[in-house]
Amino acid sequence: MAEARQEFLDYLAERNKSLRTVRTYGFAINKFLAFAQDEGLSPTASVDLVDGKLLRAYSRELFQQRLSPGGRKTYLVALTAWLKHLAAADICQVNTDAIELPRVTAMPPSPDERLPDVLRLPAPAFDNRDRELAWLRDQALLRVLFDTNARVSEVAALNRQSVDFEKGLAVIVGKGAKVRTVFFSDTGVDALNRYLDARDDTYDPLFIRHNIAAAHQRVDRDGNVLRLSVRSIQIMVHAYARRAGIKATPHTFRHYGGTEMMRSGADIRSVQEYLGHKSVSTTQIYTHVSPQRLMDEWKRFHPSGNV
């Protein structure tokens, strides 16, 4: 089974699946293999020994671990994909009908309507150049998240060459190697220019680290070793949101943009294209109305207000 697992992961890599996807599938399959070993199947056993009884027992085990429906679904979807791939490749034939995916109710996003406050925080006092550079970088990065509503991984991967400053746009590569165009406001372009003008390098990454460790780190010619990581961006956004008195992650900017575009009357297909959703059903979560706005509309139009 271990060899069949590796063959599947190699297949995913050949299909240009993201490293994150490959890791997720690998972790999910490892969890199943660990369970199978506890049930008496060694890692070297044939996958043909996997039967419906074992699959149902594994589903029950995930439920008993009190995982969320979404978490259980992730594990079972990866397992199903693996077994179906093995069947299509004539490596083995395992009936996956015994795997019943849990129903997951997608909760509509409800981003804090005060999110723009994160962009209005006053600048602190700077005691050195690195701190000033970091502040300029953070302001530009927050504006990019707000303007483009791109995924945090897409923002982290941006290079200088990705941005057309005259037209105020960037071409990014999203999930599934899907290429799309995102746009910047004039304020966003100005923030990027101020940050890049303050830098004294020509490194490719649009956003890099500015700290003592980075200054003493051996840097490649393109500067990719200094590229700001996804985790660093998440920590930075959390810190600024906390200063603004709200809770937010990089993905909150994505939800906020999608929700506001739909509220303002944008066509759902246009929002789908801008956010890079593969299916329009994903974009439909932004068609909801927040409870606060619903109450405002109720107070404005409901006959109870006049009785």
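1. Helix α11 and its cover. In this predicted model, the buried residues of helix α11 are covered by several elements, including α5 (129-148), β3 (179-183), α10 (250-263) and α12 (280-283). Helix α11 itself spans residues 268-275, and V271, Q272, Y274 and L275 are its buried residues. These four residues cover an arc of only 165° around the axis, and therefore lie on the same side of α11. The pattern may be read against helix geometry: an α-helix has 3.6 residues a turn, so residues three or four places apart point the same way.

2. The two ends of α11. At the start of the helix, a side-chain oxygen of D267 comes to within 3.0 Å of the backbone nitrogen of R269. The residue that follows α11 is G276, and its phi is positive, near 75°.

3. The largest pocket. The space in the largest pocket amounts to about 2000 Å³. Its lining comprises 47 residues, of which S18, R20, T21, R151 and K175 are the closest to the centre. Two or more lining residues come from each of α2 (19-38), α4 (69-88), α6 (152-156), β2 (169-173), α9 (230-243) and α10. Helix α2 gives the most to this lining, with six residues. Sorted by class, the lining of the largest pocket contains 20 nonpolar, 17 polar and ten charged residues.

4. The second largest pocket. Here the space is about 400 Å³. Of the 19 residues in the lining, A134, R137, D138, M236 and Y240 are the closest to the centre of this pocket. Helices α5 and α9 each supply at least two residues of the lining, and α9 gives the most, with six. The classes are ten nonpolar, three polar and six charged residues.

5. Residue Q139. This residue belongs to helix α5, one of the elements that cover the buried residues of α11. With a relative accessible area of 16%, Q139 falls under the 20% limit and therefore counts as buried. Leaving aside residues up to four places away in sequence, Q139 touches L119, A191 and Y240. Of these, Y240 is also among the residues closest to the centre of the second largest pocket.

6. Residue V171. The relative accessibility of V171 is 42%, a value between the limits of 20% and 50%, so V171 counts as partly exposed. Although V171 and T181 are ten residues apart in sequence, their C-alpha atoms are 4.6 Å apart in space. When residues up to four places away in sequence are not counted, V171 touches S162, V179, R180 and T181.

7. The chain as a whole. The secondary structure consists of 13 helices and three strands. Taken along the principal axes, the box filled by the C-alpha atoms is roughly 75 × 65 × 35 Å. The chain has 307 residues, and 42% of them are buried. Among contacts with a separation of 6 or more, 60% are between residues 24 or more positions apart.

Terms used. Residues are numbered from 1 along each chain as its sequence is written. This is a predicted model: local features need pLDDT of at least 70, side-chain atom pairs count only at pLDDT 80 or more; totals for chains, interfaces and linings use all residues. Side-chain values use heavy atoms; hydrogens and water are left out. Buried means under 20% relative accessible area, exposed over 50%, partly exposed in between (1.4 Å probe, protein chains only). The arc is that of the directions from the helix axis to the C-beta atoms. Contact means heavy atoms within 4.5 Å. A polar contact is a pair of N or O atoms within 3.5 Å; within protein, one must be able to donate a hydrogen and the other to accept it, and residues adjacent in sequence count only if both atoms are side-chain atoms. On a 1 Å grid over the protein atoms alone, a cavity is a set of points where a 1.4 Å probe fits but cannot get out, and a pocket is an open set with protein on both sides within 12 Å along at least five of seven lines; lining residues have an atom within 4 Å of a point. Grid points are joined across faces, edges and corners, and a volume is the space filled by probe spheres set on the points. Ala, Val, Leu, Ile, Met, Phe, Trp, Tyr, Cys and Pro count as nonpolar, Asp, Glu, Lys and Arg as charged, and the others, Gly among them, as polar.
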